[in-house]
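Reader: Please take one part of this model and go through it closely. I would like the residue first, then the sheet.

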Amino acid sequence: MRVLLVHPSPLLYSELYLRLEPLGLERIASAARAAGHEVRLLDLQVFDQTDYARELDAFRPRAIGFSLNYLANVPEVIDLARSTRARWPDVFIFVGGHSASFIAGELLEHGAGAIDAVVRGEGEMITPRLLERIGEGGLEQLPGVVTLDGAGPAPTLLDDLDRHPPARDLGRRRHRYFLGVLDPCASAELTRGCPWDCSFCSAWTFYGRTYRKVSPEAAVEDLARLREPSVFLVDDVAFIQADHGFAVGREIERRGVRKQYYLETRCDVLLKNQEVFAYWRRLGLYYMFLGVEALDEEGLKRHRKRVTWGENERALEVARRLGLTVAINIIADPDWDERRFAIVREWALSVPEIVHLTVATPYPGTETWLTESRALTTHDYRLFDVQHAVLPTRLPLARFYEELVNTQAVLNRKHLGWGAIRRYGVPAVRALARGQTNYVRMMWKFASVYNAARQSADHDRPVQYALRPRRPLAEAPGRTQLYVHAPAAPRRASA
Ligand code: B12
Ligand code: SF4
């Protein structure tokens with residue numbers, strides 16, 4: 001069967017700092033191809049809707065699968081599904097990904113018949129089974145599959161992450177994928193899942209707090225095949241198990257793979273497993289993202305980060321000692337006033353790290369979605385991109401955005417524009433020499449992407465599709481109530 005997999009357009013956030021390959025779709029493509037299907041992939045981050053229409057005319061797919069990891073992409077995907085259904089009534093349309101998994105029912109409603117199925121959870125195991133059953137009925141009995149006729153049992157976890165390595169040959173315009181100065185940059189996975197349970201995050205609810213590893217051999221085989229000199233390791237929390245990090249590293253050395261790496265981890269993991277990070281520094285670890293989130297104990301507790309501010313500070317010192325370029329994120333609460341923004345600016349300017357601000361946003365699938373007692377001020381999916389305030393702001397909204405954008409601009413001066421030339425001039429020239437212009441273009445793009453007036457005006461756009469209103473709970477829900485993937489039941493000890 002001819003299958004087209006589509007990734008939606010880039011979001012505000014990614015217009016500036018990065019653009020990454022659709023790894024999830026590449027893995028699903030690999031699974032579908034292994035089952036004998038002819039698959040194409042179209043990434044609307046680097047193509048446009050005219051290309052999409054052309055692709056449909058030329059390829060005539062029997063099935064189209066949209067990836068929907070982010071709420072802000074919901075209207076685009078629904079509109080694409082509807083216009084596709086209008087022109088090609090017989091094509092089978094399905095949607096999957098993180099956000100899709102948490103709002104399956106409402107997606108089907110918005111689709112009004114244009115979406116045949118929403119797939120909850122990981123796509124590798126179920127997609128071939130779904131494709132096989134198209135036209136036979138009873139799709140809603142398949143694990144993780146939701147249709148207007150009902151919902152199947154809980155989705156099945158991929159039994160072995162070594163299976164279905166990403167079908168990267170399907171990606172076109174790969175030179176457009178980059179991450180800051182790592183230009184071009186591919187993505188790869190060493191582990192999947194997270195055993196922690198931060199209240200604002202849905203990584204743990206999606207995977208049911210499971211944690212799986214790719215074998216060192218398979219992971220490095222994948223890295224060795226990459227043509228790009230840099231790699232974003234997309235693991236939720238890198239090197240939770242130092243042994244695995246060392247084993248992958250030794251395999252990298254044995255195979256003589258030379259790349260530059262970016263990864264994301266927690267401060268306590270960095271503190272506990274310093275040696276493995278130091279080892280990877282020697283292998284090419286260049287950039288690291290540390291989820292700091294708050295500058296005080298109270299904030300850390302509220303997010304249930306399970307780390308102290310002291311640990312965060314020590315972790316930053318370790319990262320500096322290792323000579324890593326570190327980016328950190330701070331969650332800005334809509335309740336912040338000018339003083340609070342000023343404190344954050346002052347702190348951020350006093351440290352050498354790249355500091356990003358995201359706006360606290362209850363996201364379906366997180367615990368905060370159910371426990372945040374403040375009412376949402378908007379249900380417009382497009383504003384749920386962690387760069388807009390969807391909760392009431394203490395400052396007038398326009399003033400809040402001025403503070404937010406001004407703070408981001410001050411912090412970015414350290415790392416973008418002329419300020420960056422001194423620090424990143426050499427890698428930028430190297431990228432240009434390879435014919436790569438993504439990073440250099442980004443350095444002067446800030447003002448056109450982040451703009452307080454534009455962000456305020458976004459709230460006045462007519463809303464065609466609205467998020468289903470939530471019903472906050474009086475107390476925190478039971479953990480398993482939030483899971484998409486149910487972890488395997490503990491084995492009974494044998495007598
Ligand atoms: C890279 C990345 C990004 C990139 C986007 C890259 C891209 N091209 O899409 C950037 C940096 C822009 C980004 C931004 C954000 N992200 Co992000 N991101 C990731 C990250 C680290 C890796 C994604 C990835 O490649 N995973 C590996 C592949 C194999 O998995 P996958 O994409 O999930 O695909 C699997 C399933 O989802 C499913 N699937 C996916 N698509 C489809 C389609 C079909 C048809 C089917 C059947 C199945 C299916 O099957 C795939 C294979 O199993 C994940 C964390 C993670 N480890 O997954 C977070 C993650 C997805 N992001 C998340 C969040 C919250 C965000 C932000 C809102 C805030 C933030 N944390 O920065 C912003 C959103 C920006 C916005 N404006 O709205 C959350 C989940 C969001 C949610 N919907 O619940 C995650 C899980 C991380 C986290 N712990 O917070 N992100
Ligand atoms: S924020 Fe990080 S550590 Fe916390 S649950 Fe999400 S992935 Fe895990």
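Author: Gln-45 is buried, because its relative accessible area is 11% and buried means under 20% (exposed is over 50%, partly exposed in between; 1.4 Å probe, protein chains only). This is a predicted model, in which local features need pLDDT of at least 70 and side-chain atom pairs count only at pLDDT 80 or more, while totals for chains, interfaces and linings use all residues. Residues are numbered from 1 along each chain as its sequence is written, chains are lettered from A and ligands numbered from 1 in the order in which they are written, and side-chain values use heavy atoms, with hydrogens and water left out.

Gln-45 lies in the loop between strand S3 (38-43) and helix H3 (49-59); helices (H or I, at least four residues) and strands (E, at least two) are DSSP runs numbered from the N terminus. Leaving aside residues up to four places away in sequence, Gln-45 touches His-7, Pro-8, Ser-9, Pro-10, Arg-19, Leu-20 and Tyr-177, where contact means heavy atoms within 4.5 Å. For Leu-20, the side chain of Gln-45 reaches the backbone oxygen at 3.0 Å.

Now the sheet. Six strands form an open sheet in the order S10-S13-S14-S15-S16-S17, with parallel pairing; two strands pair if DSSP finds at least two bridges between them. Strand S10 (186-188) and strand S17 (354-359) are the edge strands, each pairing on one side only. Within the sheet, strand S13 (residues 230-233) and strand S14 (residues 260-265) pair in the parallel sense over three bridges, and Val-231 stands opposite Tyr-261 in S14.

Notes. Polar contact = N/O pair within 3.5 Å; in protein donor to acceptor, adjacent residues only side chain to side chain.
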